[in-house]
Amino acid sequence: MRLIALLVLALSASLAVLAQQRFDFKVREDMFAGMDGDTAAFDRAMKLIADTLTTDPSHAEALVWRGDGRLFQAGQAFQRGAITEGQALAAQATADMDRAVSLAPDDIAVRIPRAAGLLPFARGMRPFNSPEADRLTKTAIGDFEFVVAASTPNWSRLSEHGRGELLGALADGWLQLGDVDKARPYLDRMTAELAGTAYGKNAALRRTDPAAKVPLTCLGCH
């Protein structure tokens with residue numbers, strides 16, 4: 001579940017230039033630290049979210065971050081064998097995220113955390129529930145596609161890391177679904193736009209062999 005933190009950090013930070021004042025600037029450091037094992041930081045993040053939602057139950061950014069937090073908790077529950085608890089938390093998480101996007105469908109600060117949370121969660125779920133994993137992956141792909149389209153006017157201003165993470169996430173999502181044809185345009189963009197970088201090199205390897213065991217995202221996050 002640490003991958004959620006890495007993706008959200010890379011994408012939201014690189015696209016900050018496109019947004020106004022954002023809730024994620026207040027919550028993300030504690031959330032990421034919590035996902036890395038700092039229980040107190042995670043509790044602070046979830047309390048900030050809860051307090052925000054008490055004041056404004058329709059705060060879209062707080063809702064989507066609560067969804068990410070609940071996905072993390074669901075993953076922990078599954079790891080310790082608490083399947084029923086994990087399923088309940090995952091359902092609550094996706095409900096939070098979907099409501100957030102329904103409230104603010106054009107807000108990248110909402111679409112990015114949902115996509116970055118769902119994509120790795122779906123990968124872990126796929127061996128146990130492939131249809132649901134596919135559904136979540138398609139939702140994440142739709143969010144990432146929205147963000148790429150919304151950021152096109154500012155694409156050249158995004159960091160190499162931000163562009164790599166966005167394109168890599170889209171390529172990875174389609175490869176998770178087994179659709180190599182839809183992954184190829186993003187792999188091609190990575191090799192062309194990010195030549196000489198880890199993103200470009202790994203994309204070229206996956207272009208040649210879609211099953212190659214090389215990652216397309218979280219390259220140089222730390």
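Among contacts in the protein chain between residues at least 6 apart in sequence, what percentage join residues at least 24 apart? In this predicted model, the share is 61%.

The secondary structure of the protein chain consists of 10 helices and 0 strands. Buried residues account for 51% of the 222 residues in the chain. The accessible surface is about 9,800 Å², and carbon and sulfur atoms contribute 53% of that area.

The largest nonpolar core contains 59 residues, and Met31, Ile49 and Trp65 have the most contacts inside it. Helix H6 (residues 108-125) gives the most to this core, namely 9 residues. With neighbours within four places in sequence set aside, Met31 is in contact with Phe42, Ala45, Met46, Ile49, Trp65 and Gly69.

Side chains of opposite charge can pair when their charged atoms come close. The structure holds 16 salt bridges, including those tabulated here.

| Salt bridge | N to O distance |
|---|---|
| Glu29 and Arg28 | 3.8 Å |
| Arg70 and Asp96 | 2.8 Å |
| Glu85 and Arg80 | 2.8 Å |

Arg70 forms a salt bridge with Asp96. Because Arg70 lies in helix H4 (residues 60-79) and Asp96 in helix H5 (residues 83-103), this pair ties together parts that are 26 residues apart in sequence. Arg70 counts as buried at 19% relative accessibility, and Asp96 counts as buried at 6%. Arg28 is also buried, with a relative accessible area of 13%.

In the salt bridge between Glu85 and Arg80, Glu85 is partly exposed, with a relative accessible area of 38%, whereas Arg80 counts as exposed at 53% relative accessibility.

How values were computed:
Residues numbered from 1 in each chain as written. Predicted model: local features only at pLDDT ≥ 70, side-chain atom pairs only at ≥ 80, totals over all residues. Heavy atoms only, no water. Core = buried A, V, L, I, M, F, W, Y, C linked by side-chain atoms within 4.5 Å. Buried < 20%, exposed > 50% of the residue type's maximum accessible area, 1.4 Å probe, protein only. Helix = DSSP H or I, 4+ residues; strand = E, 2+ residues; numbered from the N terminus. Contact = heavy atoms within 4.5 Å. Areas by Shrake-Rupley, 256 points an atom, 1.4 Å probe, with all protein chains shown as cover. Salt bridge = Lys/Arg side-chain N within 4 Å of Asp/Glu carboxyl O.
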